[in-house]
Amino acid sequence: MKLGILGGTFDPIHLGHLIIAEEAMVSLGLDRVIFIPAGDPWMKADSIITPGAHRLAMVLAAIADNPAFKVSPVELERNGPSYMVETLEEMQEDYGARTEYFFIIGADALKDFGRWIQPERILELCTLAVVGRPAQEALDLTPLASTLPGIGNRVVTVGDVAIGVSATDIRDRVSSGRPVRYLVPPAVASYIQEYGLYKEKR
Ligand code: ATP
C-alpha cells in the first residue's frame with residue numbers, strides 16, 4: 001500500500017491542502033491520504049492556535065465526501081509537542097513496514113525541514129512529496145543537503161498545482177469580515193461561522 005500523510009496545523013483546513021492531497025494521490029498513485037492535525041505545533045510556538053477539537057472537526061467536514069481521505073487524531077491525542085518522527089513510527093506500527101509512506105509537504109515548509117526533530121530518521125521512514133507553493137522559486141535542496149546528504153534520493157516533486165491561499169489569509173479575512181467562500185469547502189465556512197472562529201485578529 002502507498003500511503004500519503006499530510007501533517008499541518010489546519011487552522012483552518014483550506015482548498016490549498018485539499019488540492020495538494022489530491023495532486024499527490026493521483027500523481028504518486030497513493031491509495032489513501034491521511035490528514036494529521038498537529039497537537040502542539042512547536043514550530044508555531046509563538047502563535048495562538050485554535051483548540052484541536054475545532055481543527056479536527058473542520059478537517060473531518062472538509063474530507064467527508066472523499067473516501068480516500070482520512071484523518072488521524074494521533075498528534076492531538078499525544079501530550080507534548082507534535083514530532084513527525086513519532087507519528088511516522090506510530091504509523092509503521094499501525095500499517096506495517098511493507099507500506100510505503102509519502103509525507104506531503106509544501107515547498108515553503110520543506111525549507112525548515114533541517115530543523116525538525118530527527119530529520120535523518122524521517123527520511124528513512126518516508127519519502128518527502130514536495131508540492132510547489134505560489135511564489136516559490138525552483139526547488140533547491142542544496143541548503144538541506146549540507147546536513148542531510150541523502151535527501152536528494154528521498155524527495156519527489158509533485159506537480160505545481162498550489163493555489164495562493166493560506167490559513168493565515170483565511171483567518172485575516174474572517175477577522176476583517178471579508179469572504180472565505182470558495183477558499184475553504186462550504187462545510188468549513190459554515191463551521192467557522194457557527195462557532196464564531198477567527199473573529200479576533202491574531
Ligand atoms: P498558516 O498560514 O497558518 O501557516 P498554512 O496555510 O501554511 O498555515 P499548514 O496547516 O501550516 O497551513 O500547512 C500544512 C501543509 O500544507 C504544509 O506542508 C504547507 O506547506 C502546505 N500548504 C498549505 N497551504 C498550501 C498551498 N496553498 N499550496 C501548497 N501547499 C500548501
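Analyst: Contact here means that heavy atoms lie within 4.5 Å, while helices (H or I, at least four residues) and strands (E, at least two) are DSSP runs numbered from the N terminus. This is a predicted model, in which local features need pLDDT of at least 70 and side-chain atom pairs count only at pLDDT 80 or more, whereas totals for chains, interfaces and linings use all residues. Residues are numbered from 1 along each chain as its sequence is written, and side-chain values use heavy atoms, with hydrogens and water left out.

User: How far apart are the end C-alpha atoms of helix α4?

Analyst: The expected span of a helix is 1.5 Å times one less than its number of residues. For the 12 residues of α4, numbered 84–95, this should give 16 Å, and that agrees with the distance between the end C-alpha atoms, which is 16 Å.

User: How wide is the arc that the buried residues of α4 cover around the axis?

Analyst: Met84, Val85, Thr87, Leu88 and Met91 are buried in α4, where buried means under 20% relative accessible area, exposed over 50% and partly exposed in between (1.4 Å probe, protein chains only). The arc is taken from the directions from the helix axis to the C-beta atoms. These residues lie on the same side of α4 because their arc is only 160°.

User: Is Thr99 buried or exposed?

Analyst: Thr99 lies in the loop between α4 and β4, and it touches Met1 and Leu3, not counting residues up to four places away in sequence. Its relative accessible area is 9%, which means that Thr99 is buried.

User: The backbone nitrogen of which residue does the side chain of Asn66 reach?

Analyst: Asn66 lies in the loop between α2 (52–63) and β3 (69–71), and its relative accessible area is 19%, so it is buried. At 2.9 Å, the side chain of Asn66 reaches the backbone nitrogen of Ala68.

User: How much of the ligand's accessible area does the protein cover?

Analyst: A polar side-chain atom of His17 lies 3.0 Å from an oxygen atom of the ligand, and an oxygen atom of the ligand is 2.8 Å from a polar backbone atom of Ala167. Of the 600 Å² of accessible area that the ligand has on its own (Shrake-Rupley method, 1.4 Å probe), the protein covers 89%.

Definitions and conventions:
A polar contact is a pair of N or O atoms within 3.5 Å; within protein, one must be able to donate a hydrogen and the other to accept it, and residues adjacent in sequence count only if both atoms are side-chain atoms.
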